[in-house]
Amino acid sequence: MHPESSKGGRKLTAHALGMDVDLGRAQRPRRVAEFLRRAGQEDMDLSEDGPISWEGGVPEWWKRPDA
């Protein structure tokens, strides 16, 4: 996950097989889970201890509340 942009939301990029793939821009944590589900990654750990690298803030940091 990238830092939140000035447009809002955080860009989600997957790194696989030596390539970076832009999965989209998430406005809240549950959208991150939805992007990952669509990419075939069900029930992925979204915490800082999981496989996701959170840049520019921890997983709980979003300007908009999770609604």
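This report describes the fold, the core, the backbone turns and the salt bridges of one protein model.

The model is predicted, with local features requiring pLDDT of at least 70 and side-chain atom pairs counting only at pLDDT 80 or more, whereas totals for chains, interfaces and linings use all residues. Residues are numbered from 1 along each chain as its sequence is written, and side-chain values use heavy atoms, with hydrogens and water left out.

**Overall fold**

The protein has 2 strands and 1 helix, and from the N terminus on these elements follow the order β-β-α; helices (H or I, at least four residues) and strands (E, at least two) are DSSP runs, numbered from the N terminus. Of the 67 residues of the protein, 27% count as buried, where buried means under 20% relative accessible area, exposed over 50%, and partly exposed in between (1.4 Å probe, protein chains only). The accessible surface comes to about 4700 Å², and carbon and sulfur atoms hold 50% of that area, as computed by the Shrake-Rupley method with a 1.4 Å probe, with only the protein chains shown counting as cover for residues. Among the contacts (heavy atoms within 4.5 Å) with a separation of 6 or more, 36% join residues 24 or more positions apart.

**Strand pairing and the hairpin**

Strands β1 and β2 pair in the antiparallel sense over 7 bridges, pairing being assigned if DSSP finds at least two bridges between two strands. A16 has M19 in β2 as its bridge partner, and in the hairpin of β1 and β2, with 2 residues between the strands, L17 takes a positive phi near 55°.

**Helix α1 and the core**

The largest nonpolar core consists of 7 residues, namely L12, A26, V32, F35, L36, I52 and W54; such a core is a set of buried Ala, Val, Leu, Ile, Met, Phe, Trp, Tyr and Cys residues joined through side-chain atoms within 4.5 Å. Helix α1 (residues 29-38) supplies the largest share of this core, 3 residues. Within α1, the residues V32, F35 and L36 are buried, and they lie on the same side of α1 because they cover an arc of only 95° around the axis, the arc being that of the directions from the helix axis to the C-beta atoms. The buried residues of α1 pack against β1 (10-16) and β2 (19-26).

**Backbone after the helix**

Just after α1, G40 takes a positive phi of about 90°. D43 is found in the segment after α1, and its phi, near 55°, is a positive value in a residue other than glycine. D43 is exposed, with a relative accessible area of 77%.

**Salt bridges**

The structure holds 2 salt bridges, each defined as a side-chain nitrogen of Lys or Arg within 4 Å of a carboxyl oxygen of Asp or Glu. Side chains of opposite charge can pair when their charged atoms come close. The table lists the two pairs.

| Salt bridge | Closest N and O atoms |
|---|---|
| R37 with E34 | 2.7 Å |
| E34 with R38 | 2.9 Å |

R37 and E34 both lie in helix α1, 3 residues apart, about one turn of the helix, while E34 and R38, also both in α1, are 4 residues apart, again about one turn. An α-helix has 3.6 residues a turn, so residues three or four places apart point the same way. R37 is partly exposed, with a relative accessible area of 38%, whereas R38 is exposed at 55%. E34, R37 and R38 are linked in a network of salt bridges.
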